[in-house]
Amino acid sequence: MGTFINLGNAGFRRARNGEYVDKSQLIAVVNSTLNTEHSFSCVTRARRFGKSMAAKMLCAYYDHSCQSRELFADLKIARDPSFEEHLNRYPVIYLDVTDFTTRDIPRRELATVMQRRVMEDVLAAYPDVKAAADDDLMDALIKVNQQHGVQFIMIIDEWDAICREALGDEVAMDKYVNLLRRLFKGSSTTAVFAGVYMTGILPIKKYRTESALNNFWEYSMIMPRQLAPYFGFTKDEVRALAARHGMNFDELEKWYDGYQIGPQPSMFNPNSVIQALSNQWCESYWGRTGAYDAVADYINMNYEGLKDDILCMLAGQRVGVDTGTFLNDLSEISSRDDVLTVLIHLGYLSYDRVEQECYIPNHEVRLELEKAVRKNNWSPVVRAIDTSKRLMQSLLDGDEEAVARGVEAVHDDSTSILSYNDENSLACVISLAFYHARNDYVVHREYASGRGFADLVFIPRKNVSKPAVVIELKVNKDAATAISQIHQKHYPDRVAQYSGELLLVGISYDRQSKQHTCQIEHINV
């Protein structure tokens, strides 16, 4: 067993000894790509979304230096037709790039040191292969292939660690990218490698519009393709885990659900779920996997419309984003769309590919972005968040005057950040004013109900005994008109199924007087 070649199955065995959710069908997808035009894969996901776990699983499955049949015997892949064909059949080179970025190595020497160390390991595994003085790693692999007739599987975990650590150092970046090109773009590549599997946070850097390694098939948070189900937990998987550990599924859903990864409409952060199960307690584990300080710097960048978008998403709305402009390089962020795209890759935002919109996925991430907003001293937003609990209580108490004045205070504070010209902007301010409602309610914008769409609807969570709330917003019309519309369009009809008690709330804003009014009606169903 070497340091980088023939590592065996110890890493995956440790995973099987703990809480393991079966994602082994990923192997069948990778098997189908071997020795094809799509045999070079780059899988990018946010931190703690199971990338390294999957890499260790692939290493255990392919590595010919070990016997892994019993590790997979009870998993789904064991029933796949390709299972026997590739099980423990290849020499595997496994490289975790963070093993080098965490050492005291000058950034510009990282690629050179990495290549030398892996080459030494390969030649030690094949001592009859003689390398010339000027040979590089690819030369050594070609000689092994020619003398022994073997093809390699190469697995690179955290491939972009150097790109993130050497941020802005073009020399270090170019050396690293050139090493990857030498390995994976030459004429001998297809003979040497049956398959290459890379993981990371960022997709491969683009030069203008083309990837630096354009022969790689990329699977990202934005374009996951058929790998969508294998990174993150599905609702059914979390429901089963919750039952096994005696935890409330609804709480896990509130805290960690909300990622839309390709066709998978509801994916949970797996690391946070496992930690919550272990601790028997839901809280934000996200901040322990990646510093929010960097996120605070991103959202404070002075790009037009960015602060509006962050505020609206904190208030529960979605915003449009063009993900095609980002060059997958953290040193080349030049627009509001670039910032939002980075936050999608980092897992701080979820992405709806059909609508081309992004949004905050769940309560855990919302708390982390709230920390970032506090760090940036967005005082109006912070004040609104801090007072929202009191405002929500005023709403439940039916105190119309307190609600109107509270919303007005949030509006007056927010004008420095958010324009306020229509009902959409009014909805954003109202949602921010009732920020605290998300602790006890699922908040819907433009909720399909009755004969139309209610502006805002608060549906109480399953373990919460509070009334449902229907809010209608009006600009330059009185609050009574909003209440009348709620009745005329039968908005309560569908909402009533969630609660035997409803609050109908009309909120209006008069542009001339700059005043808000509120009317609240209580209904028992």
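User: Is Asp309 buried, partly exposed or exposed, and at what relative accessibility?

Analyst: This is a predicted model, in which local features need pLDDT of at least 70 and side-chain atom pairs count only at pLDDT 80 or more, while totals for chains, interfaces and linings use all residues. Residues are numbered from 1 along each chain as its sequence is written, and side-chain values use heavy atoms, with hydrogens and water left out. Asp309 lies in helix H16, residues 306-314, where helices (H or I, at least four residues) and strands (E, at least two) are DSSP runs numbered from the N terminus. Buried means under 20% relative accessible area, exposed over 50% and partly exposed in between, with a 1.4 Å probe and protein chains only, so Asp309 counts as buried at 12%.

User: Which side chain is joined to that of Asp309 by a polar contact of 2.5 Å?

Analyst: Leaving aside neighbours within four places in sequence, Asp309 is in contact (heavy atoms within 4.5 Å) with Val319, Arg336 and Leu340. A polar contact is a pair of N or O atoms within 3.5 Å; within protein, one must be able to donate a hydrogen and the other to accept it, and residues adjacent in sequence count only if both atoms are side-chain atoms. The side chain joined to Asp309 at 2.5 Å is that of Arg336.

User: What is the length of the polar contact between the side chains of Asp169 and Arg108?

Analyst: Asp169 is found in the loop between helix H9 (161-165) and helix H10 (170-184), and this residue is buried, with a relative accessible area of 18%. Not counting residues up to four places away in sequence, Asp169 touches Arg107 and Arg108. The polar contact that joins the side chains of Asp169 and Arg108 has a length of 3.1 Å.

User: Are H7 and H8 roughly parallel or roughly antiparallel?

Analyst: Two packed helices are described by the angle between their axes and the distance between the axes. Axes are lines fitted to C-alpha atoms, for helices over the stretch in contact, and angles run from 0 to 180 degrees between N-to-C directions; angles under 35 degrees count as roughly parallel, over 145 as roughly antiparallel, 65 to 115 as roughly perpendicular and the rest as oblique. Helix H7 (residues 110-125) and helix H8 (residues 137-148) pack at about 20 degrees with their axes 9 Å apart, which makes H7 and H8 roughly parallel.

User: How many nonpolar, polar and charged residues make the contact of H7 with H8?

Analyst: From H7 the contact is made by Gln115, Val118, Met119, Val122 and Leu123, and from H8 by Leu137, Ala140, Leu141 and Val144. Ala, Val, Leu, Ile, Met, Phe, Trp, Tyr, Cys and Pro count as nonpolar, Asp, Glu, Lys and Arg as charged, and the others, Gly among them, as polar. The residues of this contact therefore divide into eight nonpolar, one polar and no charged.

User: What is the orientation of H13 and H18 to each other?

Analyst: Helix H13 (residues 249-256) and H18 pack at an angle of about 40 degrees, with their axes 4 Å apart. The contact is made by Lys254, Trp255 and Tyr256 of H13 and by His363, Glu364 and Leu367 of H18. At that angle, the orientation of H13 and H18 is therefore oblique.

User: What is the phi of Asn377, a residue that is not a glycine?

Analyst: Asn377 lies in the loop between helix H18 (363-375) and helix H19 (379-396). Asn377 is exposed, with a relative accessible area of 60%. Although Asn377 is not a glycine, its phi is positive, at about 60 degrees.
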